[in-house]
Amino acid sequence: MTNFRDLLKKVKSEIKEVTPEDVDERLRRGDRFFILDVREDEEVEHGLVPGARHVTRGHLESRVEDVLTDKDAEVVVYCAGGVRSAFATKTLEELGYSNVSSMSGGFTRWKDLGFEYALPRMLDASQRDRYSRHLILPEVGEQGQIKMLESKVLSIGAGGLSSPALLYLAAAGVGTIGIVDADVVEASNLQRQIVHSTDTIGMSKAESARETITKLNPDVKVEVHPFRIDESNAKELIGQYDVVVDGCDNFDTRYVVNDAAVELRKPVVHGSIFRFEGMASTFIPYEGPCYRCLFPEAPPPELAPT
């Protein structure tokens, strides 16, 4: 009867193994290949080989094709000591990966040799619970969620267009949200500006939105900019963020935001509405037209009442 040792010996005889020294030398040389870490999440918290992608051994068969899409690319697999990675290498070959090897000695040997390793940002238990529906999506996963938590989005306005965007950005876990709005909350705002409430009437809209977002998701840092954005401050303000959400209600501001974003190469997600009509667009500088390209001049005031 075959025991574990026999099975491991058989698997190792059928796969290719490389040493940590080989992998480190190739990384220093700048060779192009993929590194796959198949340890558990709690193991990865203590470090991983620089540039490694992570899929736990238990989810390898179901998720690896989302992480490694090219089955002809070279892949080096490692675990803690070289056992799980041997079986994972065999599994990858069975899944059609043509150039896979296991790193003998695993991450334990890598650290013992004093090679460089990275300490990744990991989600804590409460975050895993909060964002669990994102984590099960291959297109997002833990690394995608971490990227959102590290992202910065600037909202131009905290009114009817921006309110739902702010709530969904916060709920999704965008780590830093900036809000620029010089107005205060009025009772007439409340039938559409859902980020505000009766309790915040008279409060700065930016502050009111921060209060709501903080209650919704304490992971989110909200930066309040309670003033109008114009040519004097647009570049400095937009330059602090990764993406701009344009939910303003006047054309002068739209053109100011557009021009600054184009100069800074910042993507702009734009929304506008008039009665029962609306438009949503994403403008990525130098990859497509900008807002001014589509609308070189604002329409006459009588055709676009506020």
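**The enclosed space**

Author: The largest cavity is lined by D246, R254, N258, A261, V262, K266, V268, H270, F283, P285, C290 and Y291. A cavity here is a set of points on a 1 Å grid, over the protein atoms alone, where a 1.4 Å probe fits but cannot get out; lining residues have an atom within 4 Å of a point. Two ground rules before we go on. This is a predicted model, so local features need pLDDT of at least 70 and side-chain atom pairs count only at pLDDT 80 or more, while totals for chains, interfaces and linings use all residues. Residues are numbered from 1 along each chain as its sequence is written, and side-chain values use heavy atoms, with hydrogens and water left out.

Reader: How many cavities of 30 Å³ or more does the search find? What volume has the largest cavity?

Author: The search of the whole structure finds 1 cavity of that size. The largest cavity holds about 70 Å³ of space. A volume is the space filled by probe spheres set on the points, and grid points are joined across faces, edges and corners.

Reader: Which elements give two or more residues to the lining of the largest cavity?

Author: They are α13 and β10. Helices (H or I, at least four residues) and strands (E, at least two) are DSSP runs, numbered from the N terminus. α13 supplies the largest share, 4 residues. By class, the lining of this cavity has 7 nonpolar, 2 polar and 3 charged residues. Ala, Val, Leu, Ile, Met, Phe, Trp, Tyr, Cys and Pro count as nonpolar; Asp, Glu, Lys and Arg count as charged; the others, Gly among them, are polar.

Reader: What lines the second largest pocket?

Author: That pocket has a volume of about 790 Å³. It has 27 lining residues, and H54, R63, G141, E142 and Q143 lie nearest its centre. α3 (41–44), β3 (53–54), α4 (60–67) and α9 (141–149) each supply at least two. α9 gives the most, with 5 residues. The classes are 13 nonpolar, 6 polar and 8 charged.

Reader: Next, a residue in a strand. Is S272 buried or exposed?

Author: Buried means under 20% relative accessible area, exposed over 50%, and partly exposed in between (1.4 Å probe, protein chains only). S272 sits in strand β10. Its relative accessible area is 15%, so S272 is buried. Contact means heavy atoms within 4.5 Å. Apart from neighbours within four places in sequence, S272 is in contact with L161, R254, E277, G278 and M279.

Reader: How do I read the faces of a helix? Where do the buried residues of α11 fall?

Author: An α-helix has 3.6 residues a turn, so residues three or four places apart point the same way. In α11, the buried residues are K205, A206, S208, A209 and I213. Seen down the axis, they fall within an arc of 160°, so they line one face of the helix. That arc is taken from the directions from the helix axis to the C-beta atoms. The buried residues of α11 pack against α10 (162–172), β7 (176–180) and β8 (221–225).

Reader: Which residues does V195 touch?

Author: V195 lies in the loop between β7 and α11. V195 is buried, with a relative accessible area of 0%. It touches A158, S163, L167, S208, A209 and T212, not counting residues up to four places away in sequence.

Reader: Last, backbone angles. What is the phi of R265?

Author: Phi of R265 is near 60°, a positive value in a residue other than glycine. R265 lies in the loop between α13 and β10. At 56% relative accessibility, R265 is exposed. Y286 has a positive phi of about 70° and is not a glycine. Y286 is in the loop between β11 and α14 (291–294). Y286 is exposed, at 57% relative accessible area.

Notes. On a 1 Å grid over the protein atoms alone, a cavity is a set of points where a 1.4 Å probe fits but cannot get out, and a pocket is an open set with protein on both sides within 12 Å along at least five of seven lines; lining residues have an atom within 4 Å of a point.
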